[in-house]
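Colleague: Could you walk me through this model and tell me how each label was reached? I would like to hear the cut-offs as we go.

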Amino acid sequence: MSLPMLYSVLVIAIIFEVLGTSAMQAAQHFTRLVPTVTMVVCYAIAFFCLSYTLKSIPVGIAYAIWSGLGIVLISLVGYFVFGQKLDLAAVVGLGLIIAGVLVLNLLSKSSFH
């Protein structure tokens with residue numbers, strides 16, 4: 001599979017992980033059926049897509065991208081959808097996560113290229 005296709009599948013995994021985590025917030029301790037089922041389905045898709053990328057992308061690199069970008073995106077969802085505030089330290093930390101993902105992909109020889 002081509003590199004752009006692998007990264008597309010990884011992006012799909014990230015999107016479904018963020019959707020699953022958002023549904024977990026809405027499930028209110030698994031007391032609401034639809035968000036709970038949505039969470040399970042989204043996580044299943046996310047892990048399937050992540051596992052598919054592991055055929056070619058090293059696990060450390062794939063997981064760093066998946067978790068790092070997932071953290072940044074779910075923080076943005078928390079801010080815009082759930083009204084959760086981010087202070088300056090949180091914003092700086094999220095910027096460092098983005099920088100770390102970029103360093104892994106652009107400069108590391110461990111990355112899949």
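Colleague: Where does His 29 lie?

Modeller: His 29 sits in the loop between H1 and H2. Helices here are DSSP runs of H or I with at least four residues, strands are E runs of at least two, and both are numbered from the N terminus. Before we go on, this is a predicted model: local features need pLDDT of at least 70, side-chain atom pairs count only at pLDDT 80 or more, and totals for chains, interfaces and linings use all residues. Residues are numbered from 1 along each chain as its sequence is written, and side-chain values use heavy atoms, with hydrogens and water left out.

Colleague: Why is His 29 called exposed?

Modeller: Its relative accessible area is 78%, and exposed means over 50%, buried under 20% and partly exposed in between, with a 1.4 Å probe and protein chains only. So His 29 is exposed. His 29 also has a positive phi of about 60 degrees, although it is not a glycine.

Colleague: What makes Phe 30 count as exposed?

Modeller: Phe 30 has 54% relative accessibility, so it counts as exposed. Phe 30 is likewise placed in the loop between H1 and H2, and its phi, near 60 degrees, is a positive value in a residue other than glycine.

Colleague: How many helices and strands does the chain have?

Modeller: The chain has four helices and zero strands, running α-α-α-α from the N terminus on. Of its 113 residues, 32% count as buried.

Colleague: Which residues have the most contacts inside the largest nonpolar core?

Modeller: They are Leu 10, Ala 13, Ile 14, Leu 50, Ile 57, Ile 65 and Trp 66, in a core of 15 residues. H1 (3–27), H2 (33–53) and H3 (59–80) are the elements that give two or more residues to this core, and H1 gives the most, with six. A nonpolar core is a set of buried Ala, Val, Leu, Ile, Met, Phe, Trp, Tyr and Cys residues joined through side-chain atoms within 4.5 Å.

Colleague: How do you know that Trp 66 is buried?

Modeller: Trp 66 has a relative accessible area of 6%, under the 20% limit, so it is buried. Leu 50 touches Trp 66, and also Leu 10, Ala 13, Ala 62 and Tyr 63, not counting residues up to four places away in sequence; contact means heavy atoms within 4.5 Å.

Colleague: Why is the pair of Tyr 63 and Trp 66 called tilted?

Modeller: Rings of Phe, Tyr and Trp (its six-membered ring) pair if their centres lie within 6.5 Å; planes under 30 degrees apart count as stacked, over 60 as edge-to-face and the rest as tilted. These two have centres 5.4 Å apart and planes at 45 degrees, so the pair is tilted. Both residues lie in H3, three residues apart, about one turn of the helix. Ring pairs link Phe 47, Tyr 63 and Trp 66 into a cluster.

Colleague: What is Tyr 63, then: buried, exposed or partly exposed?

Modeller: Tyr 63 has a relative accessible area of 46%, so it is partly exposed.

Colleague: And why does Leu 73 count as partly exposed?

Modeller: Leu 73, found in helix H3, has 35% relative accessibility, so it counts as partly exposed.
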